[in-house]
Amino acid sequence: MDEWIDYYDSTHTIYASRLHRDLHFDVIARDIIGYIDSPDAVVLDYACGEALSAAKVTDACARLYLAEPAPGVRGRLAARFASNSKIGVRSLDELKQMDAASIDLVVMNSVAQYMTPQELDSAFEVIHRLLKPAGRFVLGDILRPEVGMIRDVTALLRFAATHGFLRHAAIGLVSTALSDYRELRTRIGLQRYREDEMIAKLGAAGFRAARAPRNIGHNPWRMTFVAQH
């Protein structure tokens, strides 16, 4: 995962435009809010990225922890939300020091594909310890082995056409094809899981899991799972 952390900590071109970036985080925030059951909930966003719309999530919960492995991104998060007393920024290592059974909802979205199976198992172990007995773990944007890149492209173009940045999206796809992201994706690869494989993997970590009816975010060909102790 280290090379991917370095990539996302750099000045990258993963978003086609500022509008694309902002909409991306707005949609994720909206979907996270949909899983918050109570205004008293404590929520953890695991490997959250820039989390530009995190303040919207805090309107629906009591406390939000943003855990991020990339130090540059983490610094920007701390600065951006310094005035929001409901948001705490943590490194992934710091999660290991947090109290057990202290989190109502953990969300890990569009992260598992960048982790080795062993890294993902370790993350599941940390999350299982942090989650309250009645809490939920939402694992989103899981890539499927039978679904190729063309589906990702189609999902992006549909999202762009709906929200008015289709030209930028087309240009961005060309830029991405020539970027470090494509080189890393080709060289390292992304982890993909069948539905039964991920349910079994979560089960081995102590979770009861099922696939959600729809994925977090804009890509309907990826999977989201909801897990509990």
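This is a predicted model: local features need pLDDT of at least 70, side-chain atom pairs count only at pLDDT 80 or more; totals for chains, interfaces and linings use all residues.
Residues are numbered from 1 along each chain as its sequence is written. Local features need pLDDT of at least 70, side-chain atom pairs count only at pLDDT 80 or more, and totals for chains, interfaces and linings use all residues, while side-chain values use heavy atoms, with hydrogens and water left out.

I start with the rings. Rings of Phe, Tyr and Trp (its six-membered ring) pair if their centres lie within 6.5 Å; planes under 30 degrees apart are stacked, over 60 edge-to-face, and the rest tilted. The whole structure holds 2 aromatic pairs. One is F124 with F137, edge-to-face, at 5.6 Å centre to centre and 70° between the planes. F124 sits in helix α6 (residues 117-130) and F137 in strand β5 (residues 131-142), 13 residues apart. Helices (H or I, at least four residues) and strands (E, at least two) are DSSP runs, numbered from the N terminus.

F137 also pairs with F207: the centres are 5.4 Å apart and the planes at 45°, so this pair is tilted. F207 belongs to the loop between α10 (195-204) and β6 (208-211), 70 residues from F137. Together, ring pairs join F124, F137 and F207 into a cluster.

Is F137 buried or exposed? Buried means under 20% relative accessible area, exposed over 50%, partly exposed in between (1.4 Å probe, protein chains only). F137 has 0%, so F137 is buried. F207, at 5%, is buried as well.

Now the backbone. A47, in the loop between β1 (42-46) and α3 (54-58), has a positive phi near 60° without being a glycine. A47 is buried at 13%. A101, also not a glycine, has a positive phi of about 50° and is partly exposed at 38%.
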